[in-house]
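Visitor: Please show me how to read a few features of a model, one at a time.

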Amino acid sequence: MARVQLVIPDKDRDRFVRQAQSEGMTLSEWLRAAAHRRLEEQQRSYPFKSPADLKEFFRACDALEGPEREPDWQEHLAVIDESRKRDAPKT
């Protein structure tokens, strides 16, 4: 098995160690798991190979059913606020 030396700030190391311990792992196990997740995420994405691919992607998105327009920011905030009110404890 290969050994890799990693130089990171002490503050990050402390955070990583605490998180690893909370997940029942050593720091090495946790870093390997994080690296594997990153690789899986990158391998799942399929970059566009040409401008035609990009145009086809947006054409397919436009064909999906959904609202005719994106809500503006104030509408988003109203939905968020309503959700917070529903989940707030009744006092």
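The dialogue below goes through salt bridges, a helix and a surface patch.

Guide: This is a predicted model, in which local features need pLDDT of at least 70, side-chain atom pairs count only at pLDDT 80 or more, and totals for chains, interfaces and linings use all residues. Residues are numbered from 1 along each chain as its sequence is written, and side-chain values use heavy atoms, with hydrogens and water left out.

Visitor: How many salt bridges does the structure hold?

Guide: Side chains of opposite charge can pair when their charged atoms come close. The cut-off for a salt bridge is a side-chain nitrogen of Lys or Arg within 4 Å of a carboxyl oxygen of Asp or Glu. The structure holds 4. One of them joins aspartate 12 and arginine 15, with the closest N and O atoms 3.9 Å apart. Another pairs arginine 13 with aspartate 14 at 3.5 Å.

Visitor: Why are aspartate 12 and arginine 15 separated by about one helical turn?

Guide: Because they are 3 residues apart in helix H1 (residues 10-22). Helices here are DSSP runs of H or I, at least four residues long, numbered from the N terminus. In helix H4, aspartate 81 and lysine 85 form a salt bridge at 3.3 Å, N to O; these two are 4 residues apart, again about one helical turn.

Visitor: Is lysine 85 buried or exposed?

Guide: Buried means under 20% relative accessible area, exposed over 50%, and partly exposed in between (1.4 Å probe, protein chains only). Lysine 85 has 51% and counts as exposed, whereas aspartate 81, at 37%, is partly exposed.

Visitor: What span does H4 reach from its first C-alpha to its last?

Guide: The expected span of a helix is 1.5 Å times one less than its number of residues. H4 has 15 residues and reaches 21 Å, close to the 21 Å expected.

Visitor: Which residues form a nonpolar patch on the surface?

Guide: Patch members have over 30% relative accessible area and no salt bridge; nonpolar side chains (Val, Leu, Ile, Met, Phe, Trp, Tyr) are joined within 5 Å, like charges within 9 Å. Here the patch consists of Phe48, Leu54, Phe57 and Phe58, with about 380 Å² of accessible area together. Areas come from the Shrake-Rupley method with a 1.4 Å probe; for residues, only the protein chains shown count as cover. Phenylalanine 48 sits in the loop between helix H2 (27-44) and helix H3 (51-63) and is partly exposed at 44%.
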